[in-house]
Amino acid sequence: MVNTKTYYVDEMAKEQISFWSLSILLDLNGHREFIDKDGDLNDTNLSYFLDLDDYAEDKMKYERKDVVTFLNNSLNNVLEQETFSMPDILSNNLEKIQDMLQLSPVERDILIFTIYIHYYEVFDSAGDTLGHDLASDRIEHILSVVLGYSKSDVKYAFSPKSRLSQSGLVVMDRSGTQSLMRKLDVLSDEFIDKMMTLDDEIEEMIKELVKKCEPTLLDMNDFTHLKTSLNLMLPYLTQAIQTKQKGVNILLYGVPGTGKTELTKAIAAELQTKIYEVSYSDENDEPIEGSKRLKAYKLAQSFFAQKKLLLMFDEVEDVFSNDGDMLFFTPKRQKNKAWINRMLETNAIPTIWITNDVKSIDKAIVRRFDMSIEVPIPPKDKRQEIIKNYSAGLLSKEAIIKIAQDEHIAPALISRAAKVVQNVKNSTEDTSKAFEQVLNNTLKAQGYTQIKEQSEFSLPKSYDPSLNNTNLDLRKLAEGIKQNPSARLCFYGVPGTGKSAFGKWLAQELDKPFLLKKGSDLISMWVGGTEKNIANAFEEAKNEDAILVFDEVDSFLQDRRTAKQSWEVTQVNEMLVQMENYNGIFIATTNLMEGLDQASLRRFDLKLEFGYLKKEQALELFLNEAKHLKLRKPSVKVQQELQKIKNLAPGDFAAISRQNRFNPICNAMDLVERLKEECAIKDSENNVNVMGFIAS
């Protein structure tokens, strides 16, 4: 915090402060504290300021009444002056504020009085002679006497209707009894300091609290997935700005990293209007507490009321609090609703409010916003565009596709990574790899998994849907879904039988994005987190028109009748709600059909079992794989050895194919032996040795 006080007083302010100090001591009996019963002066600095040097230094004998007489003579001398001078910088700054706010004479004098008592230590000392337990009514009386106005005028100057109070420059702290200086609550100590020392534009004076936004990284073309909502919002804001309509408020909400802040700045750019933001950190990058941000918001509404611009208030869930423990926007703070409602109904500047947690805001407050718009994670194709546009040409096409798979990578992360890699590109061989490393480090710090390898999203080149052991023709099933693209499918069976792989193939056949969510992607350690992740996954699939696959659905879709915790029930309930409302293609896969919630199972249009490969399927897949690996055509003997293997599944071939990258397969018999080993491990894990679904 800036130390704004000084024991010394500017020569141009000395007479005014002397007059007010003497009035405090004499008209309000502050001298009783300043001069003790023995005549000793209790504040040396104030004594010297009031020219009481001889008394302070005991250069002569005197009584208490002598000091009082000297002070009365000083007051009479000061009263002979018609006007008081003022430091030039303060005078200039007050003139700028007056042009903006049109303060009344009493409001202007209260502001000057407050600046002086916060800036000059010696004047604060004079105020302290009145005590440290002053109530609000007493403060109004003090200012009435010292400034020469009626108490009713002073009281109105501190009322919510006054321009001074609405600006937030000076407000009465009504929380309890305090000293004169502390009861006069100011915007910030930094602002007081700048009023006395900085001769500049008002915007510069308040920039640590309200500042012009930096240029946006994105434009409206990056938010075409919000086209419907933006087509309503933009003309509404245009009209509001032109007509200076009061009480215009937009709420943008969504999970972190979806571009809400950049969207707000892009809206201002589209409307060709300036936009200012209420800061959440000061010039030293320290967080600004909520009450201080509210003062800044009031100030901006007053200072810029006559201008055509937008105001942005980011991170509102952290702001409407009292030292972090009393959220104004939470249901328990019902008594503040009237204040909030008045604020949202009377603001002069259209404001866009941004939150990452809309559930923390009372529903009654949400209704007060003119428009509430969810900003979801951009669709995958849009993420690719953003990454390409803002990666400064440092990424290959393959890297862009790979990075775009991760929904947690926000545009701001891309631009920051680009800045880092741009500086080191001459000392690194692979800028795409370096770029990815920077992103992974940030994702790890945020608690997210690293960017997945592209191989996780591609099918084997030898994939053939007919080589899945099901009781349906999967090609015909795909054709049917293509004709009626609204399906809820449950694929079940032992691991590796091709359940998720068929979902990938189906997405390719229908030319749709493939969105895979494993149980680990959805389950959260936080209460309500899993439900939120489930809802976000369905929303993302909807926005991308993707085929959504929930892998390992048994990890959170257990029968509610056996639930022991409430969150086990709410997870299933959320899943049911999302399934009911989803009109796209949804696939759930599970290795454990037993124990799944029965009501959930009834919601699926088709439940299809995937089993171990039939003999002819295993052989055909073996021959395809051998050809893909460029092995010599397997002999009859090798094929016969293959037929002896039990419980073969497509996943076994996929595992051996991946193994070939670092442990090359020598020949067809080597491939058979490795498949035997894979199945032996599988049989050992399951403690079974049965034919499964192999046909005789």
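How many bridges join strand β5 to β6, and in which sense do the two strands run? Four bridges do the joining, and the strands run parallel. This is a predicted model, where local features need pLDDT of at least 70, side-chain atom pairs count only at pLDDT 80 or more, and totals for chains, interfaces and linings use all residues. Residues are numbered from 1 along each chain as its sequence is written, and side-chain values use heavy atoms, with hydrogens and water left out.

View 1. Helices (H or I, at least four residues) and strands (E, at least two) are DSSP runs, numbered from the N terminus. On the β5 (residues 274–278) side, Lys274 sits opposite Leu309. To get from β5 to β6, the chain goes through helix α17 (residues 290–303), in a right-handed β-α-β crossover; that is, with the strands pointing away from the viewer, the path from the first strand over the helix to the second runs clockwise. β6 also pairs with β7 (residues 351–355), parallel again, over three bridges, and Phe313 has Trp353 as its bridge partner there.

**View 2. The whole sheet.** Six strands line up as β3-β5-β6-β7-β4-β8 in an open sheet with mixed pairing; two strands pair if DSSP finds at least two bridges between them. At the edges are β3 (210–212) and β8 (371–374), each pairing on one side only. From one strand to the next, the twist averages 25°.

View 3. β4 (residues 249–253) runs parallel to β8, joined by four bridges, and Tyr253 is partnered with Glu374. Helix α15 (residues 227–243) packs on the sheet and touches β4, β6, β7 and β8. Its direction makes about 140° with that of β8; axes are lines fitted to C-alpha atoms, for helices over the stretch in contact, and angles run from 0 to 180 degrees between N-to-C directions.

**View 4. Two helices crossing.** The axes of α7 (residues 105–119) and α13 (residues 189–197) come within 10 Å and cross at roughly 105°. That makes α7 roughly perpendicular (65 to 115 degrees) to α13. Contact (heavy atoms within 4.5 Å) involves Ile115, Tyr116, His118 and Tyr119 of α7, and residues of α13 including Ile192 and Met195.

How values were computed: Angles under 35 degrees count as roughly parallel, over 145 as roughly antiparallel, 65 to 115 as roughly perpendicular and the rest as oblique.
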